[in-house]
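Please examine the sequence and the structure shown below.

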Amino acid sequence: MSRTMLRHAVPLTLSIALALVACDGTPKSPDASATPKAASAPATSAKSEKANPQWQAHVDGYIDGYFKRFPVDAASAGKHEFDGKLPDWSAAGLKETIAWLHSQHDQIAAFTDDKLDRTQRFQREYVLAVIDGQLFWLEDSGFVHDNPAFYAGSISPSMYLTREYAPLPQRMAAFVAYEDNLPTAVAQIRANLQTPLPASYIDFGVGVFGGLADFFQNDVPKAFATVDDKALQDHFKASNAKAIATMRDFAGWLKAQKPHATQDFALGANRFAMMLHATERVDIPLDQLKAAGEADLARNLASLKDACAQFLPNAPLDQCVAKVNADKASGGAVEGARAQLAGLRQFIIDKDLVTIPGTEQALVAEAPPFNRWNFAYIEIPGPYEKGLPSTYYIAPPDPKWPKAEQDAYTPGKAVLLFTSAHEVFPGHFVQFLHANRSDWIFGRLFVGYAYAEGWAHYCEEMMFDAGLEGATPEIHIGQLSEALLRDVRFISAIGMHTEGMSMADSEKMFREKAFQDPGNARQQAARGTYDPAYLNYTLGKLMIMQLRDDWTATRGGRKAWKAFHDQFLSYGGPPIPLVRAEMMDSRPKAVLWQKPAANAK
């Protein structure tokens, strides 16, 4: 997603990165919705082991307890009895949630190997990984006390306004309840934040909470204007006025902290490594991880040089990329993306790359004012919803930027094509179509960052390799522009959080190595401070590429791509090392793809 991300798939705010609730599903073979026993378990063990009838009851109990503590995630999943509710972010509430997660971890871990069959052992590790990730963000990251991004996903009201899961009056009543709960929630957030705060965190918070105030004032009244219920309209006016004042006051408070702001955003090497293990089950040493990112950056820069030599011979790379970006989609980015989706879908069908289950639609719209900190993202209805469309959002440039920067911010149509592939076909949207049809409810609800973003980013290169739009040099430059952006995110995340890299150094790298315009470069460098896990785009992609090579090596190579894609998408959203263990009948291990040697056959 070009953000946690929550159900969606993309605005990856940290709360989304915690759980990515309601995003994906779990085991399903290429031909049926089923857990992956047949794909990975030896026939003898499958016959000799018996499933524990008590296991699923504990999983269901965890889900019920999670929904009570994270009601926004529950409502987003389609459990609308939780509509309008917000989490308890008080000190006592957070303490209770953390204690509950530890208790759940102990109860799940008590289902030792001898008490479960193979499929249930896989599921146990999946659940434990989700709990470990949630505990890291709540207990170890420090974000509860300094990062407004931790709270932003649960504050978003998009669901009530853009998802037609119920008649408008019912959704308006839910929105009013949400606004009624905002003052308490914001007071809790403000009480949790310990000043001084990092400057980039402040800027993010001002943008999100100030943007919500503008959204409540300018857009929401129009959305509910047709509701003919005087009592509800009167209640809305009162709650909306209070919500606007609450958001403006909080944004103003954050802005007032700017003179005292710090640059103390780094997690540090120990916590960064802890994050990778807790959230993604990746234990690769940081120096090896960085080397892998640098190698992928070098690979993509070399490919860019070759493509530019054909597209614009003898010109510097930045001029070559600028020329591709100057060729804008007709009618603007939103109209351009809308036009691209039909062609992408047909290409997948023609090339037989992956199954597209269901008849759900993906719409395209301009991102709302409170969620424009990244160029694009998609919101996807949860697994308890039926037949609702998803919405692929595209953010316009900041009107405060100089006109030249605004013009440069909107990508050319070749770059936009791969953003559309990432968000919709065959990226997040197709992934979630598979997920929402999974047999195992836990897999439909909890999707990891590297799994979701790794898949979507992997799809970009895979589509080019499959010949998208003739795989011309211009199209290749569009794909490589996205790949280089994610490579620099990978290196910046490690650099800024473990090696003392500054935001200015990161911004410079985005401009010089990923050829980003000034506005995007600033956004991307800032995002790396409050979203340290945004290395997961490339991290996930490299793990998927290596798994594909290993899995298809004995199944026909490239001819087995569709079978691989369908099988990979059947697992929901666990850490990719767990998926590798299932598909390769091995122990969980993070293995990153490396470019084959020139003399390799």
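In this predicted model, arginine 299 has a relative accessibility of 12%, and because buried means under 20%, arginine 299 counts as buried. Its partner is glutamate 461: the two side chains meet in a salt bridge, with a distance of 2.9 Å from N to O. Arginine 299 belongs to helix H16, whereas glutamate 461 belongs to helix H23 (residues 449-465); the pair thus links distant parts of the chain, 162 residues apart. Glutamate 461 is also buried, its relative accessible area being 10%.

The general principle is brief. Side chains of opposite charge can pair when their charged atoms come close.

Helix H16 (residues 286-311) takes part in a further pairing through lysine 290. Lysine 290 forms a salt bridge with glutamate 499, and the closest N and O atoms are 2.9 Å apart. Glutamate 499 lies in the loop between helix H24 (473-498) and helix H25 (503-512), so this pair ties together parts that are 209 residues apart in sequence. Lysine 290 is partly exposed, with a relative accessible area of 22%, and glutamate 499 is partly exposed as well, at 47%.

How many salt bridges does a search of the whole structure find? The search finds 29. One of the salt bridges joins aspartate 585 and arginine 118, whose closest N and O atoms are 3.0 Å apart. Aspartate 585 lies in the segment after helix H29 (576-584) and arginine 118 in helix H7, and 467 residues separate them. The two residues fall into separate classes of accessibility: arginine 118 is buried, with a relative accessible area of 16%, while aspartate 585 counts as partly exposed at 44%.

The axes of helix H7 (residues 118-140) and helix H15 (residues 269-280) come within 7 Å and cross at roughly 150°. Angles over 145 degrees count as roughly antiparallel, and therefore H7 is described as roughly antiparallel to H15. On the H7 side, the contact involves Ala129, Asp132, Gly133, Phe136, Trp137 and Asp140. These residues meet Arg271, Met274, Met275, Ala278 and Thr279 in H15. Sorted by class, the contact of H7 with H15 comprises six nonpolar, two polar and three charged residues.

Technical notes. Residues numbered from 1 in each chain as written. Predicted model: local features only at pLDDT ≥ 70, side-chain atom pairs only at ≥ 80, totals over all residues. Heavy atoms only, no water. Axes fitted to C-alpha atoms, helices over the stretch in contact; angles between N-to-C directions. Helix = DSSP H or I, 4+ residues; strand = E, 2+ residues; numbered from the N terminus. Parallel < 35°, antiparallel > 145°, perpendicular 65-115°, else oblique. Contact = heavy atoms within 4.5 Å. Nonpolar A, V, L, I, M, F, W, Y, C, P; charged D, E, K, R; others polar. Salt bridge = Lys/Arg side-chain N within 4 Å of Asp/Glu carboxyl O. Buried < 20%, exposed > 50% of the residue type's maximum accessible area, 1.4 Å probe, protein only.
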